[in-house]
Amino acid sequence: MDPWRMSAGGISVALRVTPRGGRDDIEGIQTLADGRAVLKVRVRAIADSGEANRAVTELLASSLAVPRTNVRIVAGTTSRLKQVAIEGDPERLCQTLRALTSK
């Protein structure tokens with residue numbers, strides 16, 4: 001099960017973020033204890049003053065080759081579990097995420 005859903009203007013992705021993770025990286029898909037799938041993301045930034053959130057949006061934007069303004073956190077700004085909306089071609093975004101998570 002994929003942690004992302006397609007919509008008309010892009011995709012919505014469920015994330016589990018690890019701030020102060022030593023590197024900026026998309027680590028793959030993880031299944032939580034409640035059965036939900038999330039995209040595991042690690043960033044170097046600390047979770048202070050929105051630094052980790054900015055790092056997450058920058059990492060996703062660069063990894064998916066979309067402008068930073070196309071990536072926004074819609075839920076969970078103060079939590080490790082976040083919901084992110086990414087604008088763009090949904091098919092291309094899903095294919096890119098599948099390629100990134102299959103490495």
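Me: At 43% relative accessibility, what does serine 7 count as?
Reply: This is a predicted model, in which local features need pLDDT of at least 70, side-chain atom pairs count only at pLDDT 80 or more, and totals for chains, interfaces and linings use all residues. Buried means under 20% relative accessible area, exposed over 50% and partly exposed in between, with a 1.4 Å probe and protein chains only. At 43%, serine 7 therefore counts as partly exposed.

Me: How far apart in space are serine 7 and proline 90?
Reply: Serine 7 has its place in strand E1, strands being DSSP runs of E with at least two residues and helices runs of H or I with at least four, numbered from the N terminus. Serine 7 and proline 90 are 83 residues apart in sequence, but their C-alpha to C-alpha distance is 6.9 Å.

Me: Which residue in E6 is the bridge partner of isoleucine 73?
Reply: Strand E5 (residues 71-75) and strand E6 (residues 81-87) pair in the antiparallel sense over 4 bridges, where pairing requires that DSSP finds at least two bridges between the strands. E5 and E6 form a hairpin with 5 residues between them, and glycine 76 in the turn has a positive phi of about 85°. Within this pairing, the E6 partner of isoleucine 73 is valine 84.

Me: Why do the buried residues of H2 lie on the same side, and over what arc?
Reply: The buried residues of helix H2 are Pro90, Leu93, Cys94, Thr96, Leu97, Leu100 and Thr101. They lie on the same side of H2 because around the axis, judged by the directions from the helix axis to the C-beta atoms, they cover an arc of only 165°.

Me: What radius of gyration does the protein chain have?
Reply: The radius is taken over C-alpha atoms, and the globule rule is 2.2 Å times the number of residues to the power 0.38. Along its principal axes the C-alpha trace spans about 35 × 30 × 25 Å. For 103 residues, a compact globule would have a radius of gyration near 13 Å, and the protein chain agrees with that at 12 Å.

How values were computed. Residues are numbered from 1 along each chain as its sequence is written. Side-chain values use heavy atoms; hydrogens and water are left out.
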